[in-house]
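Here is a short briefing on one protein model. Look at the structure first, then work through the points by topic.

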Amino acid sequence: MSSQPDRDSLGLSEEDAARLGEDGAVRVRTFRLIVLVAQELRTLMDQLLRADGLTTQRAAMITVVDLLGTPSLSQAATALGTTHQNARQLADALQRKGFLRISNDQADARVRRLSTTAKSESYWRDRSAADQQQVLDWFGDLTPAEAQTLFELLAKVEHRARAALARPATAPDAKPGSRSGHRPGP
């Protein structure tokens, strides 16, 4: 038996697919496929970065700091969609490796500011072209038009997800007749 999920159903039962209707089933399967592909791409990137003691998550932290300038730790955590504690662990590890500097905010000593270092800039400049080429290879089965369409469609989904993240989280009420042990998540 293969460990890969069935690419047609992506684990969505026939019963759930019928309840959702064709369009709803496609949307749920698309969500599941995005999660699966994201994890696979993250694993691939982690493999590329491993030799230098980095991870995709650490690289994302550096990217966020570069984009935001000198964000606070809280701003970086929010941008990454992670907890303050996790962002602090990432920042501490990157500071030990010489990629980030953590300093006190001049106006408020309780606030920690993050900035990238010359070592970080040099490191990414030296490897950026090879990493970009690897990403091109991963997306190599797409035509230019398909790549553009994928980007535009995912940008729409990301916009909606970001808006949902900005709203207070509410747990859905348990539905009458819901099955115990039913597969979690969409």
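A search of the whole structure finds 9 salt bridges. Keep in mind that this is a predicted model.

**Salt bridges**

- Arginine 27 pairs with aspartate 23, and their closest N and O atoms are 2.8 Å apart.
- Both residues sit in helix α1 (residues 14–49), 4 residues apart, or about one turn of the helix.
- Aspartate 23 has a relative accessible area of 48%, so it counts as partly exposed.
- Arginine 113 and aspartate 105 also join their side chains in a salt bridge, at 2.6 Å from N to O.
- Arginine 113 is partly exposed at 24%, whereas aspartate 105 is buried at 14%.
- Glutamate 121 and arginine 125 form another salt bridge, at 3.5 Å from N to O.
- These two residues are 4 apart in helix α5, so about one helical turn separates them.
- An α-helix has 3.6 residues a turn, so residues three or four places apart point the same way.
- Glutamate 121 and arginine 125 are both exposed.

**Helix α4**

- Helix α4 covers residues 84–96, which is 13 residues.
- From first C-alpha to last, α4 reaches 18 Å, close to the 18 Å expected at 1.5 Å a residue.
- Which residues of α4 are buried? They are Asn86, Ala87, Leu90, Ala91, Ala93 and Leu94.
- These residues cover an arc of only 160° around the axis, so they lie on the same side of α4.
- Gln85 and Arg96 are exposed on the other side of α4.
- The cover over the buried residues of α4 includes α2 (56–68), α3 (73–80), β1 (100–104) and β2.
- Glycine 98 follows α4 and has a positive phi, near 85°.

**A buried loop residue**

- Threonine 117 lies in the loop between β2 (112–116) and α5 (118–138).
- Is threonine 117 buried or exposed? Threonine 117 is buried, because its relative accessible area is 12% and the cut-off is under 20%.
- Leaving out residues up to four places away in sequence, threonine 117 touches Gly98, Phe99, Leu100 and Arg101.

**A nonpolar surface patch**

- Ile34, Val135, Phe139, Leu142, Leu150 and Leu154 make up a nonpolar patch on the surface.
- Together they have about 420 Å² of accessible area.
- Leucine 142 is in the loop between α5 and α6 (144–166).
- Leucine 142 is partly exposed, with 32% relative accessibility.

Conventions: Residues numbered from 1 in each chain as written. Predicted model: local features only at pLDDT ≥ 70, side-chain atom pairs only at ≥ 80, totals over all residues. Heavy atoms only, no water. Buried < 20%, exposed > 50% of the residue type's maximum accessible area, 1.4 Å probe, protein only. Contact = heavy atoms within 4.5 Å. Patch = residues over 30% accessible without salt bridge, like charges linked within 9 Å, V, L, I, M, F, W, Y side chains within 5 Å. Areas by Shrake-Rupley, 256 points an atom, 1.4 Å probe, with all protein chains shown as cover. Salt bridge = Lys/Arg side-chain N within 4 Å of Asp/Glu carboxyl O. Expected span 1.5 Å × (residues − 1). Arc of directions from axis to C-beta.
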